[in-house]
Amino acid sequence: MVSKELPFTEEKIKEIIAKHPTPFHIYDRKNILENSRKLKEAFSIVNGFREYFAVKALPNPYIMKILKKEGFGADCSSMAELVLAEKTGIVGKDIMFSSNDTPAEEFIKAKELGAIINLDDISHIEYLEKTAGLPEIVCCRYNPGSLKKGNTLIGNPEEAKYGFTREQLFEGYKLMKEKGVKKFGLHTMVASNELEPDYFVETARILFELAADLSKELGIEFEFVNLGGGIGIPYRPDQEPVSYEKIAEGVREAYDENITANSLYPLKVYLECGRVITGPYGYLVTTVRHLKHIYKDYVGTDASMANLMRPGIYGAYHHITVLGKENEEPTHLYDVTGSLCENNDKFAIDRLLPKVERGDILVIHDTGAHGHAMGFNYNGKLRSAEILLNEDKSFMEIRRAETLEDYFATLDFDNLDKV
Ligand SMILES: Cc1ncc(COP(=O)(O)O)c(C=O)c1O
């Protein structure tokens, strides 16, 4: 029987539910830490390596603090994420600000915090100069166009709205040098949830070659290359995790060939991963509310696409465990649904599970990244709580569930008689 391990028992989950009713996301601190250390260890062979955790994947200050203690920076993409970083005590060069279609106030905030600003477009050089002023170091995002194939989640780079073309990079860095910028970074991000290590090695090679060409032609100095995020996770039980060692060894080899050989040492190498850092260590816990038998058999839960959007929008696979029935045969074919008035509000379609009953607790796996974060309020659904499971199996609420008061907080009912 295909299965995925859980870091908690049914008894523990019932103890948590007694205090915090379902649905909620629960994050496993022990494995987040172990995985972060594995990543650092594997990449210790790469010069100046640093991971900037992509805050958008799990924008919770408690998780950010745990990762900060491991030496990770924060990759922010919006005002809210910048403020979250600041409130967590992450400031200065510990912030990578990778945004697009950026408003002036976000550039101003990023500059105030001393963040490394990663520009998405050549026109933003002048815009940044006028609004916040050019900092000493600036990074640019490269869109390799037809030079590199994207993957299914992110699409073809030529169709993607992000980044500078190669020609624009030469023009842009030249302009910034003339304007007095002293140091530079180079970034790209062309894959999402990619399980093939060579993909990242090839990306590194493209960036290293490009940094070498830009340095030679323009006489500028690169402080770092940022390979972006996008390392995938084994959502399906038969998939293998990506080998950090394989990526790191390939990146190191490409570094030696392009950076060391071109005397560009000590260029540093950064990643801004989200999914692979926390994704596998989060679980959406939900209770079965109803069973419905029409043309198909449906399991209706108390969670919905508002708590986890990936299956609904990408058809993404998330493994489901029926708690306490781990050893029962999966004999029944179900669609597992939420209660939104949207037919794609399904966590699984045609999924074989043990016979499910009302009141069963379902654990939806791998929700630790782009899970709660992508939540929304359609149909007046409320965002769930987030719980942290500690190493000693004690637990802590790190975000409370929304209430109807939160939902209505932006409405003023007192003026209804004026319409
Ligand atoms: C610019 C940027 N960096 C990093 C990430 C994190 O990607 P992942 O969580 O797949 O590692 C994203 C994801 O959307 C992104 O857009």
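Leaving aside neighbours within four places in sequence, with which residues is Arg-275 in contact? In this predicted model, where local features need pLDDT of at least 70 and side-chain atom pairs count only at pLDDT 80 or more, totals for chains, interfaces and linings use all residues. Residues are numbered from 1 along each chain as its sequence is written.

Arg-275 is in contact (C-beta atoms, placed from the backbone, within 7 Å) with Ala-57, Asn-193, Gly-229, Ile-231, Gly-232, Ile-233, Ala-369 and His-370, its neighbours within four places in sequence being left aside. The residue is placed in helix 10, residues 275–278 (helices are DSSP runs of H or I with at least four residues, strands runs of E with at least two, numbered from the N terminus).

An unreviewed UniProt entry lists Arg-275, Arg-310, Tyr-314 and Glu-342 under "binding site". These residues span 68 residues in sequence, and the farthest two C-alpha atoms are 26.2 Å apart, so they do not all gather at one spot. Glu-342 lies in the loop between strand 13 (332–337) and strand 14 (346–353), and because Glu-342 has 15 C-beta neighbours inside 10 Å, this residue counts as partly exposed.

Key: UniProt positions renumbered as here; feature names shortened; annotations may be inferred. Contact = placed C-beta atoms within 7 Å. Buried ≥ 20, exposed ≤ 12 C-beta atoms within 10 Å, placed from the backbone.
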